[in-house]
Amino acid sequence: MVRNELRYYGVGVCATTNMTKRVLSGIRANGRLHLGNYLGAVKGMLALQEDPSYETFYMVADLHSINVPYNPENFQAAVRDVVLDYLSAGLDPEKSTIFIQSQVPQHVELSYLFSTVITVARMQHLPTFKEKVKSYPENVNMALLYYPVLMAADILAYKASLVPVGIDQEPHLEVAREVAQKMNDRYGLNLPEPQRFATSGEYVPSLTGEGKMAKSVEGSAILLTDSLETIRERLARVPTDSGKGESVPIEGGVASLLKFAELFLGDTRVHELKEQYTTSGIRYGDLKAEIAEAIFAELKPIQQRRTALEADIEKVDRIILEGAGKARKVASQTVVEVKKVMGLL
Ligand code: TRP
């Protein structure tokens, strides 16, 4: 590891040039990573990490996790779990800067500066905010309203132009683009207007058959750490029908199963299944078993890497420490630049 540290100091953090574009993404620490996070965000993060024309920054959005009721006692463990999930899924500290949001205080500083160009009304009208107000009517705090401004700062602190996240984050990216535009117009900055990087698994349905897979909904998710047995049990609870009908359902449990078949078994198999639905009928017991095997085959190597990492916590600590250092270097340059044009320096 000493060698790696030397390497890191030797290489430093290169500035954005015409050649390298920056990428930033993050996941909240409100629960263990599930298939929705993996297919919708992590797979995109991995693809961009492997592309040498991008410089990639991936964080755990811990500050974005504390605007809803949470447990401070085990929060450090929850944050570290996301880092472990990242690393075991294949994020590589040699290729990406992996860090924890709150360890780079420049995000908060920048978000305050950005908040001066965004109206309260604009934030109140976001669908994500309205949903939170619905689910936590007793807890409509300032941080919830502020969420997209902080997210804009996360992205623009690195002048990232590409953001691998699920489709549900599009309204937040819209805000980030608006912030960039307004800051550029008012202060003559040159912040990029960040675009979403979509993956084929950008919409992973809930096992309940309603909406997207979510950590906060009971019985909705398959976790990256689930055993084959657990995956089977979870799939067993997906509501189905008789397996036969005039047309293939486009919502509900059966539609979810077909989406999983598409994601894990491929298009040919889905065609076959759709055909079966309108003719001989689908046997869901068999289909669920087939899907469970396919999902587990993808998760198994991730789980093996995780077991190895759990035995080397010092290494994980070192990765987090180095990541924060690298991220701060870049983010603080942006803060200085923004403060200068705003007349604060
Ligand atoms: N809001 C994102 C989510 O809930 C998490 C996040 C916070 C994020 N900051 C970000 C994602 C910056 C991409 C870029 O999934």
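A nitrogen atom of the ligand sits 2.7 Å from an N or O atom in the side chain of aspartate 154. The protein covers 93% of the 360 Å² of accessible area that the ligand has on its own. The model is predicted.

**The ligand site**

Which residues are closest to the ligand? Of the 14 residues that surround the ligand, the closest are Arg28, His64, Tyr147, Asp154 and Gln169. Tyrosine 147 has a side-chain N or O atom 2.7 Å from a nitrogen atom of the ligand.

Strand β3 covers residues 96-100. How many of its residues are buried? The count is 5 of 5, so strand β3 is largely enclosed by the rest of the structure. In a regular strand the side chains alternate between the two faces of the sheet. In β3, Ser96, Ile98 and Ile100 point one way. Thr97 and Phe99 point the other way. Residues on both sides of β3 are buried.

Strand β2, residues 54-61, pairs with β3. The pairing is parallel and runs over 5 bridges. Within it, methionine 59 stands opposite phenylalanine 99 of β3. The chain gets from β2 to β3 through helix α3, residues 75-89. This β-α-β crossover is right-handed.

**Salt bridges**

A search of the whole structure finds 25 salt bridges.

| Glutamate 55 | Arginine 22 | 3.0 Å |

Take the pair of glutamate 55 and arginine 22, whose side chains meet in a salt bridge. The pair links distant parts of the chain, 33 residues apart. Glutamate 55 belongs to strand β2, and arginine 22 to strand β1, residues 21-28. Are these two residues buried or exposed? Glutamate 55 has a relative accessibility of 15%, so it counts as buried. Arginine 22 has 5% and therefore also counts as buried. The cut-off for buried is under 20% relative accessible area.

Glutamate 337 lies in helix α13 (residues 313-341), while lysine 159 is in the loop between α7 (142-156) and β4 (162-164), so the pair ties together parts that are 178 residues apart in sequence. Glutamate 337 is partly exposed, at 32% relative accessibility. Lysine 159 is partly exposed too, with a relative accessible area of 23%.

Arginine 177 is buried, with a relative accessible area of 12%. Glutamate 174 is partly exposed, with 38%.

Salt bridges also join into a network. Which residues does the network link? They are Arg32, Asp81, Asp85, Arg306 and Glu310.

**A buried serine**

Serine 111 lies in helix α4, residues 106-115. Its relative accessible area is 0%, so serine 111 is buried. What does the side chain of serine 111 contact? The partner is the side chain of tyrosine 146, in a polar contact of 2.9 Å.

**Sequence separation and distance in space**

Lysine 339 is placed in helix α13. Lysine 339 is partly exposed, with a relative accessible area of 22%. Where does leucine 110 lie relative to lysine 339? The two are 229 residues apart in sequence, yet their C-alpha atoms are 8.7 Å apart in space.

Arginine 177 and alanine 236 are 59 residues apart along the chain. Their C-alpha atoms are separated by 42 Å.

How values were computed. Residues are numbered from 1 along each chain as its sequence is written. This is a predicted model: local features need pLDDT of at least 70, side-chain atom pairs count only at pLDDT 80 or more; totals for chains, interfaces and linings use all residues. Side-chain values use heavy atoms; hydrogens and water are left out. Buried means under 20% relative accessible area, exposed over 50%, partly exposed in between (1.4 Å probe, protein chains only). Helices (H or I, at least four residues) and strands (E, at least two) are DSSP runs, numbered from the N terminus. Two strands pair if DSSP finds at least two bridges between them. A crossover is right-handed if, with the strands pointing away from the viewer, the path from the first strand over the helix to the second runs clockwise. A residue is near a molecule or strand if one of its heavy atoms lies within 4 Å of it. A polar contact is a pair of N or O atoms within 3.5 Å; within protein, one must be able to donate a hydrogen and the other to accept it, and residues adjacent in sequence count only if both atoms are side-chain atoms. Accessible areas come from the Shrake-Rupley method with a 1.4 Å probe; for residues, only the protein chains shown count as cover. A salt bridge is a side-chain nitrogen of Lys or Arg within 4 Å of a carboxyl oxygen of Asp or Glu.
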